[in-house]
Amino acid sequence: MSTIDQLDLFAGQEPGFDTAFATARRVELDATSWVEHVPAWLTGGDRLLRALVTGAAWEQRLRRIADRMMVEPRLTAEYPDLAVAPDDLLRIAAAELSRHYGVPYDGLWINYYRDHRDSTGWHGDWATCRREVCTVPVLSLGAARRFLLKPREGGRSVVLTPASGDLIVMGGRCQRDWRHSVPKQTVPAGARISVNFSSRLQGAKG
Ligand SMILES: O=C(O)CCC(=O)C(=O)O
Ligand SMILES: [Fe+2]
């Protein structure tokens, strides 16, 4: 069965957001950093997933690792201006997040993990968070994958497994003092998309 056929199994439900964030669970990572997991924040997100797989402006990016340029094992589409993002649901999501977290989200970048072999290595979101403190929401669509956080200096990882429609929000000094990643896995998985919301305010030195 192809990925798109698998998505068809869930097709049809109208999209809706939990505007109360009722399922939110916050983990205090340390005294100044936190991560929040909001299960099923978006329901009926299958149409959005399909629309993004086929309609987003996917790019294959390169990343410098040591002295070598490596092909990133995922695709990315970036919309620094939310107004031209490919789906109205993304603008509604940004407005909900802005209201709830008090940050004006006005852009986004989207990652497409085509299967379980795609991944992203340990990093902080430095390009989009130039302030000491940032709030960075990430909406997952499609296959559940592990999302890990660990202290910049090393140490035990915190493991979250966002399912389709779940929100992960990194806050406080998380981008400075912690690293996050989505590792490859041996267990087969279908397509996953993550929608990462950005704010010009947080991307400007503060
Ligand atoms: O895919 C994810 O859940 C996270 C992606 C991410 O951290 C990034 O693109 O900066
Ligand atoms: Fe990131």
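Modeller: First, a term: a residue is buried if 20 or more other C-beta atoms lie within 10 Å of its own, exposed if 12 or fewer, and partly exposed in between, with C-beta atoms placed from the backbone.

Colleague: Fine. What are we looking at?

Modeller: A predicted model, where local features need pLDDT of at least 70, side-chain atom pairs count only at pLDDT 80 or more, and totals for chains, interfaces and linings use all residues. Residues are numbered from 1 along each chain as its sequence is written, with chains lettered from A and ligands numbered from 1 in written order.

Colleague: How many residues of β13 are buried?

Modeller: Six of its six, so to speak mostly covered. Strands here are DSSP E runs of at least two residues, helices H or I runs of at least four, numbered from the N terminus.

Colleague: Which strands pair with β13?

Modeller: β3 pairs with β13 (residues 167-172) over six bridges, antiparallel. Strand β10 (residues 136-142) is also antiparallel to β13, with four bridges. Pairing takes at least two DSSP bridges.

Colleague: Which residue of β13 stands opposite Val38?

Modeller: Leu167. Leu167 is also the bridge partner of Leu139. Ser33 has Gly172 as its partner in β13.

Colleague: And what joins β2 to β3?

Modeller: A hairpin, through four residues. Strand β2 (residues 25-28) and strand β3 (residues 33-38) run antiparallel, joined by four bridges. Glu28 faces Trp34 of β3 there.

Colleague: Switching to α3. Which residues are buried?

Modeller: Leu89, Leu90, Ala93, Ala94 and Leu97. Down the axis of α3 these buried residues fall within an arc of 140°, so they line one face. That arc is taken over the directions from the helix axis to the C-beta atoms.

Colleague: What sits on the face turned away from the buried side?

Modeller: Two exposed residues, Asp88 and Arg99, are carried on that face of α3.

Colleague: Now the ligand. Which residues are around ligand 1?

Modeller: Asn111, Thr120, Asp125, Val138, Phe147, His180, Val182, Ser194 and Asn196. The elements giving two or more residues to that shell are β14 (178-182) and β15 (192-198). The cut-off is a backbone-placed C-beta atom within 6 Å of the molecule.

Colleague: What does UniProt list for residues 104-203?

Modeller: An unreviewed entry there lists "domain: Fe2OG dioxygenase" for residues 104-203. UniProt positions use the numbering here, feature names are shortened, and annotations may be inferred rather than shown by experiment.

Colleague: How much helix and strand over 104-203?

Modeller: The chain is 8% helix and 44% strand over residues 104-203. The end C-alpha atoms of that stretch are 11 Å apart.
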